[in-house]
Amino acid sequence: ISTVAGTGTIAVQAGNTLDASAGFTPPAGHVIQVIQTVKTDTFTMNSTSYTDVTGFSATITPTSTSNKILIVVDTQVSGSVTYNVKLALVRGTSTYLHTKVQRIAQDGQGQYREYSLGCCYLDSPSTTDATTYKLQMNVNGQPAYLNRPADLAGYTPAGSESNSTITLMEIAG
């Protein structure tokens, strides 16, 4: 093993390995780990109160309190009439990080047409404890659906339901 002065580079000769089991500190901004949850089933919402989307959370254990968590959420939402759907990204049980409102429009041809709703948020949880992120949803009195195809009368063939994802990336601080 040799080091190149001033570059921060360690050269390892062919056939040798570098053991970093005693620890390794990645440079700031690098992705350390990635966790993803994929929701494939349909969730129905008919409440004006924020409610957990069942089966749609992801848990990550940060390796340092100075690291950040980049959360990327991609959902497919539909409904039968024109109204507002509200999504909230939540850390733990009650720390609301980001909310988004989407107006679902029923245009005569798009009953249950899916709308792609997403958000991206950089969180600083300041912990090395397992941290759970989840999505909550509410509507203004009319049913809304996550991962429901368009009406089965024509716009999306039965069996072609969409998926929604939560992706967590730990970023070195």
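Helices (H or I, at least four residues) and strands (E, at least two) are DSSP runs, numbered from the N terminus. By this criterion the protein has zero helices and twelve strands. Its pattern along the sequence is β-β-β-β-β-β-β-β-β-β-β-β. The model is predicted; local features need pLDDT of at least 70, side-chain atom pairs count only at pLDDT 80 or more, and totals for chains, interfaces and linings use all residues. Residues are numbered from 1 along each chain as its sequence is written, and side-chain values use heavy atoms, with hydrogens and water left out.

Contact means heavy atoms within 4.5 Å. Among contacts between residues at least 6 apart in sequence, 79% join residues at least 24 apart. The accessible surface (Shrake-Rupley method, 1.4 Å probe) comes to about 9300 Å², and 49% of this belongs to carbon and sulfur atoms.

Of the 173 residues, 35% are buried. Buried means under 20% relative accessible area, exposed over 50%, and partly exposed in between (1.4 Å probe, protein chains only). A nonpolar core is a set of buried Ala, Val, Leu, Ile, Met, Phe, Trp, Tyr and Cys residues joined through side-chain atoms within 4.5 Å. The largest such core holds 26 residues. Ile 71, Val 73, Val 85, Met 137 and Leu 168 touch the most other members. Beyond four places in sequence, the residues that Ile 71 touches include Leu 89, Leu 97, Tyr 133 and Ile 166.

Ile 10 lies in strand S2 (residues 9–11). Ile 10 is partly exposed, at 46% relative accessible area.
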